[in-house]
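Subject: Two-chain model for you

Hi,

I am passing the structure below over to you. My notes on it follow.

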Amino acid sequence: AQSVAQPEDQVNVAEGNPLTVKCTYSVSGNPYLFWYVQYPNRGLQFLLKYITGDNLVKGSYGFEAEFNKSQTSFHLKKPSALVSDSALYFCAVREGGYSTLTFGKGTMLLVSP
Amino acid sequence: DVKVTQSSRYLVKRTGEKVFLECVQDMDHENMFWYRQDPGLGLRLIYFSYDVKMKEKGDIPEGYSVSREKKERFSLILESASTNQTSMYLCASRSPRGYEQYFGPGTRLTVT
């Protein structure tokens, strides 16, 4: 069975500082990994994905994520946070051969001015 | 760009009513999904569909059913709404050859 954990309910960071939102996963085969963002009262927007290849993946709005197979992690990062990055972030995993995604519980990112 | 639309942004229904939530996608995707989102629980899969008239149960199908008569439309049905079905409902679609899912704006359903 596939599963994903986001260990932090909330992450607080000051504008201009780097941010990290953590995600770890568990699958029995090769993982496909995703990050989504949700703004208040909106649906989820796709940020980036890891399927294969380079462990550092770049996505929308200046976000990137690093796939670490030995630590089974896929942390979301941004070098310099913006107040407008404040939102709810979801990590998701899909095992190769399956169609369904399993989502983490979400991490609220709050960027203060 | 993929567009996924949902029939209502906000919906208020009474206990025992039959509720229909509609989802339409415009990218000819075979795969469609219904989730519910609750604080602290993340997204949980209710049902999904591989193609027209095909459906599969997700993690929490109890109290729900679905209908997929046309490729672009996937409906979620609450046969007899209950207060514990008050939630945000999200629809998504995906191409079988693609990887990411594309989400609609969500329907916030309140059952009183």
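Chain A and chain B bury about 1,700 Å² between them, with 56% of that on carbon and sulfur atoms. Please keep in mind that this is a predicted model.

**The interface**

In terms of contacts, 20 residues of chain A touch 24 residues of chain B. There are 4 residue pairs in polar contact across the interface of chain A and chain B, counting pairs with both residues at pLDDT 80 or more. On the chain A side, the elements that give two or more residues are β5 (31-38), β6 (44-50) and β10. Strand β5(A) gives the most, with 4 residues. By residue class, the chain A side divides into 10 nonpolar, 6 polar and 4 charged.

How many salt bridges cross between chain A and chain B? The rule finds 1. The partners are B:Glu100 and A:Lys49, and their closest N and O atoms are 3.3 Å apart. B:Glu100 sits in the loop between β9 and β10 (102-103) of chain B, while A:Lys49 belongs to strand β6 of chain A. B:Glu100 is buried, at 11% relative accessible area. That value falls under the 20% cut-off, so B:Glu100 counts as buried. A:Lys49 is partly exposed, at 28%.

One more residue to look at on the chain A side is A:Lys105. A:Lys105 is in the loop between β11 (102-103) and β12 (107-112) of chain A. Is A:Lys105 buried or exposed? It is exposed, with a relative accessible area of 51%. The cut-off for exposed is over 50%, so A:Lys105 passes at 51%. Setting aside neighbours within four places in sequence, A:Lys105 contacts A:Gln6 and A:Phe90 in chain A, plus B:Gly40, B:Leu41 and B:Gly42 in chain B. The C-alpha atoms of A:Lys105 and A:Glu8 are separated by 9.4 Å, although these residues are 97 apart along the chain.

**Disulfides**

The count is 2 disulfides over all chains.

- Chain A: A:Cys23 is joined to A:Cys91, S to S 2.0 Å. The torsion about the S-S bond is about -60 degrees, so this disulfide is left-handed. A:Cys23 lies in the loop between β3 (19-21) and β4 (24-26), and A:Cys91 in strand β10 (residues 87-95), 68 residues apart. A:Cys23 is buried, at 0% relative accessible area. A:Cys91 is also buried, at 0%.
- Chain B: the sulfur atoms of B:Cys23 and B:Cys91 are 1.9 Å apart in their disulfide. This link is left-handed, with -75 degrees about the S-S bond. B:Cys23 is in strand β3 (residues 19-25) and B:Cys91 in strand β9 (residues 87-94), so the pair ties together parts of chain B that are 68 residues apart in sequence. Both B:Cys23 and B:Cys91 are buried.

**Salt bridges over all chains**

Side chains of opposite charge can pair when their charged atoms come close. The count over all chains comes to 11 salt bridges. Besides the cross-chain pair, here are some others.

- A:Asp85 pairs with A:Lys78, with the closest N and O atoms 2.8 Å apart. Both A:Asp85 and A:Lys78 are buried.
- B:Lys53 meets B:Glu69 at 2.5 Å, N to O. B:Lys53 lies in the loop between β5 (42-49) and β6 (56-57) of chain B, and B:Glu69 in strand β7 (residues 64-70), 16 residues apart. Both B:Lys53 and B:Glu69 are exposed.
- B:Asp28, B:Glu30 and B:Lys71 are linked in a network of salt bridges.

Best wishes

Terms used. Residues are numbered from 1 along each chain as its sequence is written. Chains are lettered from A and ligands numbered from 1 in the order in which they are written. This is a predicted model: local features need pLDDT of at least 70, side-chain atom pairs count only at pLDDT 80 or more; totals for chains, interfaces and linings use all residues. Side-chain values use heavy atoms; hydrogens and water are left out. A disulfide is a pair of cysteine sulfur atoms within 2.5 Å. Buried means under 20% relative accessible area, exposed over 50%, partly exposed in between (1.4 Å probe, protein chains only). Contact means heavy atoms within 4.5 Å. Buried area is the accessible area (1.4 Å probe) that two parts lose on being put together, summed over both. A salt bridge is a side-chain nitrogen of Lys or Arg within 4 Å of a carboxyl oxygen of Asp or Glu. A polar contact is a pair of N or O atoms within 3.5 Å; within protein, one must be able to donate a hydrogen and the other to accept it, and residues adjacent in sequence count only if both atoms are side-chain atoms. Ala, Val, Leu, Ile, Met, Phe, Trp, Tyr, Cys and Pro count as nonpolar, Asp, Glu, Lys and Arg as charged, and the others, Gly among them, as polar.
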